[in-house]
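The exercises below concern charged side chains and their surroundings. Please work through each task with the structure open before reading its solution.

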Amino acid sequence: MNDFEQRLNDAIKRGKNVAAGKAAAAQAAALTEEQFRRLHTKYRLELCEHIERCMAKLPDHFPGFKVENVVSDRGWGTAVVRDDVALSAGGRGTVYSRCEITVRPYSSAHVIDVAARGTIRNKEVFQRGQYQLLNEAQIQVLAEQIDLWILEYAELYAARV
């Protein structure tokens, strides 16, 4: 009985050592909060440059749009904006068109989150969002999604003007 008791204690110690080793390995592999923040900043800067580069091409095809940098509590990014005069039987007024794509601020959810909104002639035509976990993020996939949103807006705008 004494021999069994000793082997049982040894087995429990080995199990605890394995668990402690796994926990230490997981902790070493996990990113710290500061590393997540730095990663978010890096990805945000890359995506914001991509957004600005692509959005700046819209005014070349649709004169009258102005490019604006967006920095707000909703995030960082770029918008193209246009105000037009609309004539109708009741008089005249203005219509507003805007496409805005932003990278949302860092959050404790540890994601890179991109949002897009499109308005044409005072009507919202789309609102989109895409996110990826920071430690699994594929920036090229997000950049391709941004491209698709800009192309979608251009197509919708061309169809309504």
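**Exercise 1.** How many salt bridges does the count come to?

Solution. The model is a predicted one, and the rule asks for a side-chain nitrogen of Lys or Arg within 4 Å of a carboxyl oxygen of Asp or Glu. By this rule the count comes to nine salt bridges.

**Exercise 2.** Determine how Glu34 and Arg38 are placed in helix H2, and whether each is buried, partly exposed or exposed.

Solution. The two side chains form a salt bridge, with N to O at 3.8 Å. Because Glu34 and Arg38 lie four residues apart in helix H2 (residues 33-55), about one helical turn separates them. Glu34, at 43% relative accessibility, is partly exposed, whereas Arg38, at 51%, counts as exposed, since the exposed class begins over 50%.

**Exercise 3.** Describe the surroundings of Arg98.

Solution. Arg98 belongs to strand S3 (residues 91-103) and, with 17% relative accessibility, is buried. A polar contact of 3.4 Å joins its side chain to that of Glu68, and a network of salt bridges links Glu68, Arg74, Arg98 and Glu100. Beyond its neighbours within four places in sequence, Arg98 has contacts including Val70, Val80, Arg117 and Tyr153.

Conventions
Residues are numbered from 1 along each chain as its sequence is written. This is a predicted model: local features need pLDDT of at least 70, side-chain atom pairs count only at pLDDT 80 or more; totals for chains, interfaces and linings use all residues. Side-chain values use heavy atoms; hydrogens and water are left out. Helices (H or I, at least four residues) and strands (E, at least two) are DSSP runs, numbered from the N terminus. Buried means under 20% relative accessible area, exposed over 50%, partly exposed in between (1.4 Å probe, protein chains only). A polar contact is a pair of N or O atoms within 3.5 Å; within protein, one must be able to donate a hydrogen and the other to accept it, and residues adjacent in sequence count only if both atoms are side-chain atoms. Contact means heavy atoms within 4.5 Å.
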